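Thank you all for coming.

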Amino acid sequence: METVGSQIIEVLSSMISSGVPVSDGTRIARDLGLDSVAIMDFVMELEERFDILIPLDQIADVETIHDLTKAIEAIMKDAA
Amino acid sequence: MNELLPANYSGGVYRPADFATLTEALDYAALGNAGLDFYSGKGDLLQTLRYRDLRKQARSLARRMRSAGLAQGERVAILADTDADFVLAFFASQYAGLVPAAMPLPTAFGGKAGYISHIRRMIESSGASAVLSPGALLEMTQEAASGLGLKAAGTLEIFDGFVDDGAPLPEITPQHLSYLQYSSGSTRFPLGVAVTQRALMSNCRAITQHGLKIIATDRCVSWLPFYHDMGLVGFLLVPVTTQMPVDYVATREFARRPMIWPTLISRNGGTLSFSPSFGYDLCARRAASGVRADNLDLSRWRVAGIGGDMIREKVLSNFAESFSPDGFRREAFVASYGMAEATLAISFAPLATGIKTDHVDLDQLEAAAIAEPVKRNGAAGPRSRSFVNCGKVLPGHELEIRDADGNLLGERMAGRVMVRGPSLMQEYFGNHEETSRALSQDGWLDTGDLGYLIGGSLVITGRSKDLILINGRNVWPQDLEWAVEQEVDGVRSGDVAAFSIDEAAAERVVLMAHCRKTNESEREDLRQAIIETIRVRAGLDCEVMLVAPHSLPQTSSGKLSRTQARQFYLSGADGSGAPTNAHRQA
């Protein structure tokens with residue numbers, strides 16, 4: 001089974017240019033070269049894929065791919 | 001679980017906002033069957049709140065808020081999610097004589113710290129006695145309020161322990177403040193527009209009876225945030241004063257799934273909906289990328305309003321083309337002009353006529369402030385541009401165009417737009433200095449916008465102040481400059497100028513910064529750091545122009561001149577006579 005982290009990276013890889021390295025520590029708003037509309041699309045993709053809603057507070061609290069992975073895992077656990 | 005059904009208007013005699021106060025308006029709306037529906041981005045009906053239930057719950061909450069020690073005239077900050085709790089807290093405040101101030105929501109990844117300090121400054125600026133929050137933002141709210149000595153900070157549940165003693169509620173009169181609106185002012189120095197019941201009702205009446213000519217069978221749809229004037233006044237308070245049903249979807253849901261907007265309009269028979277140009281743009285682009293909603297019927301949409309930023313003719317034209325197969329009529333577009341300082345609306349273009357533009361000679365406009373009409377598409381002709389006609393000022397209000405010295409200007413002479421009338425704010429809350437800068441002794445508001453009149457109809461051409469209007473948001477350049485100075489290594493105070501370039505297609509944000517590096521990779525790092533900082537702190541995309549140290553233009557008093565920085569940028573950007581000390585990199 002694919003991990004949450006690997007699926008996030010899979011979604012991202014279709015949106016960013018191939019030369020950009022992505023790791024756990026990558027900062028979403030700063031390091032990916034995505035504009036604000038692309039970031040919205042990214043969030044929507046993740047919500048569709050995991051069938052979750054990422055709540056307001058977590059958007060502000062999430063800075064890195066690692067933070068996002070943890071947040072999505074927590075949301076999925078709550079929903080289960 | 002019972003399936004929720006959207007609320008519909010039924011019964012009662014329609015009253016077009018002819019009430020003395022907002023509480024009187026809700027008392028009347030509560031006699032009918034209409035109300036507010038809240039949808040998810042996928043189109044599921046999440047909550048429905050009929051006006052009669054809203055009134056009953058709001059009056060009970062008002063009494064419990066008073067039991068908790070909140071007294072008439074005190075302010076209550078409310079973090080404004082698009083949900084029933086916000087609406088309930090807002091109207092409970094109306095009945096209790098409290099003054100609510102809607103606070104924004106966080107928008108950017110990693111923006112937590114900046115968001116908390118922003119909320120804290122607004123709580124302090126309003127002198128709020130309490131702050132209310134959605135459950136999801138509770139921790140951040142409590143952090144923002146810590147040490148401020150508020151009487152209450154939490155979700156609506158904090159009032160559960162207080163009894164509804166059934167005591168009489170205070171009398172609300174037209175001169176009482178209704179709310180504070182925080183969409184003006186920078187995040188560092190927030191300004192709360194203080195609106196009385198009288199001003200609010202005056203603007204609601206003008207919008208209802210003249211601007212939009214609202215009728216009993218109208219229904220509106222909105223994804224605009226409640227913390228902006230167009231979302232709060234236009235799509236919550238105007239509907240309450242006209243007993244109108246509303247369908248809402250949260251702004252963040254719309255941004256992710258823009259097609260939910262036309263979908264809801266189609267499904268529930270919406271007739272009125274507004275957006276800044278960018279909302280139409282998001283939809284048209286989504287449609288162009290192949291995302292279509294099936295079986296849309298937009299034929300009942302009679303007012304597709306545009307306001308909140310410069311109106312983009314091309315964007316609207318794209319939208320109309322995309323959605324005309326679904327019954328959308330381009331005549332439904334209605335240009336409008338307004339601002340929170342005038343409650344909401346100042347003028348509307350005539351209904352059912354679509355967007356009307358005026359095509360003028362740009363050289364004449366810039367050099368002589370004369371709007372000289374020219375023919376379109378004259379390839380050999382002068383530099384020219386179209387501006388949108390925003391219609392006549394609402395009845396009961398006056399509008400004048402004046403030059404920099406305050407002299408009245410005539411037809412087709414461009415100058416400052418000044419407005420006077422019953423819809424204007426009372427003040428910027430608790431800030432006499434800023435109030436007297438905006439409002440004259442004899443009641444004229446300097447809108448900060450530039451424009452001209454044709455036969456009494458207003459055409460907006462730009463702004464006399466530095467404010468950046470982008471995607472319907474007011475952004476103060478000081479906030480962007482400050483964020484970069486605080487967060488980017490090697491950037492000091494006075495090293496950055498932020499401004500926007502208004503083009504026919506869009507408004508672009510530019511940050512011009514001093515750079516002491518000559519190594520190209522270090523220069524690129526600085527550019528990226530500035531772009532990232534603006535994205536995280538302001539949720540905006542910008543471009544960066546690096547210039548030599550000490551080359552940012554200053555005014556005679558030594559202050560940064562953003563106007564000159566913009567001209568400097570433009571002279572370099574079009575390649576004609578770029579200043580030699582500007583190392584411009586695309």
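In this predicted model, helix H1 of chain B meets helix H2 of chain B through B:Leu26, B:Asp27 and B:Ala29 on the H1(B) side, and through B:Tyr51, B:Leu54 and B:Arg55 on the H2(B) side. Sorted by class, that contact holds 4 nonpolar residues and 2 charged ones, with no polar residue taking part. H1(B) covers residues 22-29 and H2(B) covers residues 51-67, and the two pack at an angle of about 130° with their axes 8 Å apart. Because of that angle, H1(B) counts as oblique to H2(B).

Let me turn to the sheet in chain B. What is the order of its strands? The order is E24-E25-E26, in an open sheet of 3 strands with mixed pairing. Strand E24 (496-502) and strand E26 (542-547) of chain B each have a single partner strand, so they stand at the edges and one side of each is left without a neighbour in the sheet. Neighbouring strands are turned against each other by 25° on average, with direction ignored.

Looking at one pair in detail, E24(B) and strand E25 of chain B, residues 507-514, run in the antiparallel sense and are joined over 7 bridges. Within that pair, B:Ala498 stands opposite B:Leu511 of E25(B). Helix H14 of chain B, residues 477-487, packs on the sheet, where H14(B) touches E24 and E25 of chain B and has a direction that makes about 140° with that of E24(B). H15(B), in turn, lies across E25 and E26 of chain B and runs at about 140° to E26(B).

Next comes the contact between the chains, to which chain B gives 20 residues and chain A gives 18 residues. On the side of chain B that touches chain A, the elements giving two or more residues are helix H4 (112-126), helix H8 (251-256) and helix H15 (520-538) of chain B. Which of them gives the largest share? That is H15(B), with 3 residues, and H15(B) is also the helix that lies across E25 and E26 of chain B. By class, this side of chain B has 11 nonpolar, 3 polar and 6 charged residues.

Is A:Ile28 buried or exposed? A:Ile28 is buried, because 25 other C-beta atoms lie within 10 Å, where 20 or more are needed. Leaving aside residues up to four places away in sequence, A:Ile28 touches A:Ile39, A:Val62, A:Glu63, A:Thr64, A:Ile65 and A:Leu68, together with B:Phe109 from chain B. A:Ile28 and A:His66 are 38 residues apart in sequence and 9.9 Å apart in space, C-alpha to C-alpha.

I will finish with B:Ser126, which has its place in helix H4 of chain B. B:Ser126 counts as buried because it has 24 C-beta neighbours inside 10 Å. Again not counting residues up to four places away in sequence, B:Ser126 touches B:Arg75, B:Ala77, B:Ala101, B:Leu180, B:Gly192 and B:Phe429.

Technical notes:
Residues are numbered from 1 along each chain as its sequence is written. Chains are lettered from A and ligands numbered from 1 in the order in which they are written. This is a predicted model: local features need pLDDT of at least 70, side-chain atom pairs count only at pLDDT 80 or more; totals for chains, interfaces and linings use all residues. Two residues are in contact if their C-beta atoms, placed from the backbone, lie within 7 Å. Helices (H or I, at least four residues) and strands (E, at least two) are DSSP runs, numbered from the N terminus. Ala, Val, Leu, Ile, Met, Phe, Trp, Tyr, Cys and Pro count as nonpolar, Asp, Glu, Lys and Arg as charged, and the others, Gly among them, as polar. A residue is buried if 20 or more other C-beta atoms lie within 10 Å of its own, exposed if 12 or fewer, and partly exposed in between; C-beta atoms are placed from the backbone. Two strands pair if DSSP finds at least two bridges between them. Axes are lines fitted to C-alpha atoms, for helices over the stretch in contact, and angles run from 0 to 180 degrees between N-to-C directions. Angles under 35 degrees count as roughly parallel, over 145 as roughly antiparallel, 65 to 115 as roughly perpendicular and the rest as oblique.
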